[in-house]
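Look at the model first, then read on.

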Amino acid sequence: MDDMTSSSRAGWISGITVTVVLFVLPVFLGQLGKTGEYWIWVSTEMIIMALFAMSLNLILGFGGMVSFGHAAFFGVGAYTVALLMKKADFPLYLALTAAPLVAAITAAIVGWFCVRLLGLYFSILTLAFGQLLFMIVFQWYTFTGGDDGLHGVPRPEILGPINYYWLCLILFVICFLIIRMIVNSSFGLSIKTIRENMERAKFIGINVRRYQLLNFIIAGAFAGLAGGMLCELNRFAQTEFLHWSKSAEPILASLVGGIYSLAGPAIGSSILIFLKIFLQQVHRSMVEVWAIVLGVLLLVVVLFAPQGLVGLYQNIFKKSQS
Amino acid sequence: MTWQLFVFMLINGLCQGMLLFIIASGLSLVFGVLRVINFAHGSLYMIGAFLAYSLSTIFAGESLMGFLILLMVVPPAIAIIGFVLEVSLFRRVYREEHLLQLLLTYALVLILDDLVRVIWGGEPRSVTRPDLLAGSVDIFGMALPSYNVFILVVGPLIAFGLWFLLYRTRTGNIIRAAVSYPDTLGALGVNVSWVMTSTFMLGCWLAGFGGVLTAGLSNIDLGMGMQTIIECFAVVVIGGLGSVGGALLGSLIIGTGLTFFQLPFGRWALVFPYALMALVLVVRPWGFFGKPER
Amino acid sequence: MEHGKCRVLLALVLVLFSATLLVSSNASAADVIKLGFIADVSGIGAPFYKSQKAGLDMFIEEINAAGGVQGKKLELVVRDSQLKPDIGANQARELILSEKCEFLVGPTSSAVALATTKVAKEFKKIIFFHTSNSEALTTTAFQPYMFQVVPNTGIEGRGMAVVLSKKPYKKYCLIGPDYAYGHEQLNSFKSEMAKRRPDVEILDTIWVKLGESNFSTFIPTLMAKKPEAIDAAFWGGQLSAFIKQAKPYGVLKEAPVSSLFDLDMLRATGPDMPEGLTGYARAPFYAIDTPQMKVFVKKYYDKYKEWPADWAIMAYDGMIALTEAMKKANSTESEQVVKVLGGLKFNSLRGERYIRAEDHMANVGIYSGVTAKSPDYKEFLIMKDVQAVPAEEVWLPVAEVQKLQSEQK
């Protein structure tokens, strides 16, 4: 922290390197035929889920509030895209614009109630609203397809697997930069102040509820965009997208990656998805015990490295230097 | 609706509520003392149900005696699992943030649920109801399964037992003190960690008991833990986090609500628990019987 | 700034990534035909899966012993979609791209089937359905790479309406699982019943989540409506749970329940199954009198020490049709095989059947009967007085199929 300029320059350099590598990646993968296409698809999913995890971390890491209903906005985004494209023949760009907007509106309504509560009660209310939305989508069979989900969302001709990967990557980079800007802005600092000491934040004149609500809405919007992108990737929207167990995914990813860093959740999310598919490729029976692997990994993080992998790395890094 | 039908539906709903109460009261009790929302409560309940299934295949499940043995053997077994979990894991996170506590219990959900899949496979199972409880009881010309009546009898017994334990014994006094004044209790020379362990075991005992009862009522399968834990959250929130009396009220509201609303609202009846849960949290976050915190 | 610290992690990810590519890219071999089986292994479909797998395994074993198809051995790759459409769709993609499966075999759940057929269409791979039977697969969601060897929801729903319209009941309650299968089945039943018996009244339709097995909050509503008969679109574990729970409520005494009484469900319900209920099955081995069925049943019993359920028979039939098409097309590639599928005749265990060219639906009907005890089978009830309702009597006419297909999006 004390050496801002050099570390931020190193950050830019590594960020640009990673981005360039990610941009070139599908060109190589494209050479590998079907296997390559499969991995392009997996990589696209990683990018999308990374965005989902980062969106949650605005509330979780920077805001210090544990939301167990974040998947609701992810799902609302997905259903917005699916319904607009399937039933109203919207083009993709309009549907993908609408997804974060609808999610933001939903988040505004839900958040208005939720930010009134603190700590555990906030978590439970987000869980309650999340399940309520899940149930509504589940029961509204004629509109949302209920348990069947909405499958066969159209895909524009030009968006082959590689092009869609690039589209997602571009959207991700843009969102990453926006989130970075938000976090480093005076708004972001206020959010962090509220997390550290709410009384102090109130004392220096920060309107705690309004800031938290705004943060909640922004996070919901990004989650909605991620949901819309996943919907178009898989070409379906499913009720499971809103389920509370889906809300747990970005929390796990954030925790594994590190909740107090910007890129941590994205990395954590990618590692988890990758690990799952890696184990599955090594041996098929690993799919059966994947939840056990994930659970044990989570236990280890909770008990021994609550700062996440990024924190762990930072600790080792610091120790080796001193 | 005739009044006979009303009474019938009420009784049927109360049966559902009682089953829910047995499971949810454990969750509420554990929260009250340990201040941890235990997501894994649903998994322990599921393990109880599957254990009951396995044991029922060993000794004849169709005699009432066999079933009562299940009810006596399985809940303590779950309590022992709870003991191991509390001593080895939960204890380490009492002083940590809520997030880490929730995630610890969620990690347990992932592990325990998958273990059930590995041990018992993905097939749904059930325990044959004992002969004595397989028939039905006549209520104004409508038949109510005797098994449901059995739950309706057992539920209040458990509720009474809990009340007696909490309000009429020394242990209960200590547990209630641990809810209200956790800090002063240690200063008074009470072994607080022992109180926590035994409360946690009691919670698990209740989860196991609910599991056995469910195994006789319907199919048991891998999703039951995840589904029930959310219903239990609804119950506990409506009644008030940490309050056993509240859990009783909450579960009876949800049990009867689900039965009654099915008739006029059909599919939308299932939205009711979550809508009520959200409503209560918005209007009165500490629930009907809870106390406002901090 | 923090992601500067993440470089090592990212490098690690990339190394693992390329390692995985190596592992996965040399997985395919040229001399096998891979069949990707998207199966509902866990949940209420678990017994169905066991039967399906047994039927497929037996067929593959036999044909491989006889030298395979065009010198290539068949190999089955199984995935568990857990009755969830999203998981099924992703697995279909994984099977095609990563496992290099040339053909797909469908699951138990119709919702999963409707999801996976879209993936099969995207990648132009044949998918055949032997258990999941949504009629939409052949109409509004039709795609040429799909074919179906199981009586679909339309054939079943209308078939049951044909059977039940001859009974005196006038007041029905319908109850079913809240997903594609349940909705299609009960809607077909309703519309056909309205045509045949305008005097029949449908009092209520109750929707229960697929897999939900606690009916305590639903049955009182069923009782309050006082129907004369109940048509239930449940299947498997959910149906046996429904019957077991409805019994002590006295529902079965007041109103007989009609539903899908397949062998696995009859086995699971055992002595709890009431006698005298009218129902149907898709392929009851005990009632189909063809020489090939007799041979099959014997082989099956010798191998597995149990009787073949409907699912084993239909999965086996699907394989007969698929390999027949491969032989006819003289190819083991989906793109070629699909050309001969329309109109293909094949000698199924249920007798001579063909695949209708317009909707890739095999002319398979249902078998309706009344549950009864049988001296031959001690552990379970079977259906007696079995009547076949042939597909031709109740499937959608070609004109209607084409009209529905043109409405497709």
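## Basis

This is a predicted model: local features need pLDDT of at least 70, side-chain atom pairs count only at pLDDT 80 or more, and totals for chains, interfaces and linings use all residues. Residues are numbered from 1 along each chain as written, chains are lettered from A and ligands numbered from 1 in written order, and side-chain values use heavy atoms, without hydrogens and water.

## Two domains

Chain C has domain 1 (32-151 + 289-364) and domain 2 (154-281 + 366-393). These bounds come from an automatic or database domain assignment. The C-alpha centres of the two domains lie 27 Å apart.

In domain 1 of chain C, 28 residues are in contact with 26 residues of domain 2. Contact means heavy atoms within 4.5 Å. The two domains bury about 2100 Å² between them, 61% of it on carbon and sulfur atoms. Buried area is the accessible area (1.4 Å probe) that two parts lose on being put together, summed over both.

Which three residues supply more than any others of the area that domain 1 buries against domain 2? They are I44(C), E135(C) and W307(C), with 29% of that area.

A salt bridge is a side-chain nitrogen of Lys or Arg within 4 Å of a carboxyl oxygen of Asp or Glu. E135(C) forms a salt bridge with R158(C), with the closest N and O atoms 2.6 Å apart.
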